[in-house]
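Work through these exercises with the model open beside you. Try each task before reading its solution.

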Amino acid sequence: MGFLAGGGEDTVTSFGRAARRAYSLMLALPAVLLINTYQPLRRYSLWRDSMPAIRISEGNELDQQPEPFRNEYELQEILAEHPVLLVDRGDSALVTISREFPFEGEFADIFLIDSNGLPVIVEVKLARNEESRREVIGQLCDYLSAMRNLTPDEVNARSAGLLEENLQLMAGAEGEENLRDRLALVKSNVASYLRAGQIRGIIVIDAAPDDLIREFSYLNEHSDLDLRLLVVERYRLSRHEYFYHSRFLVSREAGPEIKRQRFRLRLIVEKFSKMKPPIFSIHATGEENVRVYREGWPTAVYYEFSDWKDSISIEVQVKHKEYPKVADFLPKLRDHLPTVIPNTQRIELVTNSFGWTRLQLFFGEEIDPYRIAQSMMRLCKTEKDISTLLQGENG
């Protein structure tokens, strides 16, 4: 088996066979795992499993289609063996305790804990499963409420002693010194999390319908629950090699600006993030605005999504006194864009008293979010012309 693994973003410390050929396809993948399936999956040690996956700044949409999973069991197996795919940026490492964790008459797909002792329940569904919509949310919440009523001893008994075994491994990972104190601390943490009902719930799916994202986002934003929605896809590299990547669509770690955004804007930005080249980065600046920065540009020149409640605009903005050549280019761009970006309500060129010039293309509520994201991609193709003008300004 080969891992693509790194100690930080944009770092690759090891390559499996065929990984170099695949590297150009792996831009924008929050977590990437390369697996050779010729050898059967085997249980890794706690810290080998929990090593951070490679993380690369967001980039191009993959130019090949993901290969479907045969069934939910197959995806469960990958996640249980490699919980790094379930880790979001800033999260602690996870270790799998057991699969098919028993509750009253039902079984949660995977039960894990993080390195601090936080319990995590994962439910896996494929998009073709009819339960991948409303039913799975209720199912996950049932498991979370049932887990809250258990003591650590009861959890350990239901996991056939695997909770205790892994807690000891965690406590001993730093050596024999103070082993007993560290074990007591992590056990105490598990008990505290259970009593407080602080249990993370993750739904993993191979493709998420928009209504599931909307419902999950609402629950996550209007409750104290740590609920997350994760998409995991796999791509074939060769006969015996795949790489897997995971992407959180809903995560408790979202900043307050993003959480307050209207769902339509978030959906558009999410679709754009899967298309954009790696030279662009996305930054939410408020409830109604998401900026798109081009690498190497000054902060006084950028693209932007804006939510006007009855419409969405995509824009180019520039401080005209600092970069007059770019500002002078926008009227020409306004005349050209209707031929390459259809379905706009209107196009406006606005200069305000704060020194900004904005070229805005407005789209009505009836326009599909994918089309608006695609239109931003077309607008971003002007970056070459703008980059040339910026070089002239600096010259």
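**Exercise 1. At what angle do the axes of helix α10 and helix α12 cross, and which residues make the contact?**

Step 1. Locate the helices: α10 covers residues 263-275 and α12 covers residues 369-380. Helices (H or I, at least four residues) and strands (E, at least two) are DSSP runs, numbered from the N terminus.

Step 2. Take the axes. They come within 8 Å and cross at roughly 50°. Axes are lines fitted to C-alpha atoms, for helices over the stretch in contact, and angles run from 0 to 180 degrees between N-to-C directions.

Step 3. Classify the angle. Under 35 degrees counts as roughly parallel, over 145 as roughly antiparallel, 65 to 115 as roughly perpendicular and the rest as oblique. α10 and α12 are therefore oblique to each other.

Step 4. Assign the hand. The α10 and α12 crossing is right-handed. That hand applies if the near helix is turned clockwise from the far one by less than a right angle, and left-handed applies if anticlockwise.

Step 5. List the contact (heavy atoms within 4.5 Å). From α10 come Arg264, Leu267, Ile268, Lys271, Phe272 and Met275. From α12 come Pro369, Tyr370, Ile372, Ala373, Gln374, Met376, Met377 and Cys380.

Step 6. Sort these residues: 11 are nonpolar, 1 is polar and 2 are charged. Ala, Val, Leu, Ile, Met, Phe, Trp, Tyr, Cys and Pro count as nonpolar, Asp, Glu, Lys and Arg as charged, and the others, Gly among them, as polar.

Before going on, note the ground rules. This is a predicted model, in which local features need pLDDT of at least 70 and side-chain atom pairs count only at pLDDT 80 or more, while totals for chains, interfaces and linings use all residues. Residues are numbered from 1 along each chain as its sequence is written, and side-chain values use heavy atoms, with hydrogens and water left out.

**Exercise 2. Is Lys271 buried or exposed, and what is Lys271 in contact with?**

Step 1. Check accessibility. Lys271 has 19% relative accessibility and counts as buried. Buried means under 20% relative accessible area, exposed over 50%, partly exposed in between (1.4 Å probe, protein chains only).

Step 2. Leave aside neighbours within four places in sequence. Lys271 is then in contact with Asp210, Pro369, Tyr370 and Ala373.

**Exercise 3. Describe how helix α6 packs on helix α7.**

Step 1. α6 spans residues 162-171 and α7 spans 179-196. Their axes are 8 Å apart, at an angle of about 130°.

Step 2. α6 and α7 are therefore oblique to each other. Their crossing is right-handed.

Step 3. Glu164, Leu167, Gln168, Met170 and Ala171 of α6 meet Leu179, Arg182, Leu183, Val186, Lys187 and Val190 of α7. This contact divides into 7 nonpolar, 1 polar and 3 charged residues.

**Exercise 4. Which residues other than glycine have a positive phi? Examine Glu100 and Asn343.**

Step 1. Recall the background. Most residues other than glycine have a negative phi.

Step 2. Glu100 has a positive phi of about 55°. Glu100 lies in strand β2, residues 94-102, and is partly exposed at 36% relative accessible area.

Step 3. Asn343 has a phi near 70°, also a positive value. Asn343 is in the loop between α11 (324-336) and β12 (346-351).

**Exercise 5. How far apart in space are Arg247 and Leu86?**

Step 1. At 13% relative accessibility, Arg247 counts as buried.

Step 2. Compare sequence with space. Arg247 and Leu86 are 161 residues apart in sequence and 8.9 Å apart, C-alpha to C-alpha.
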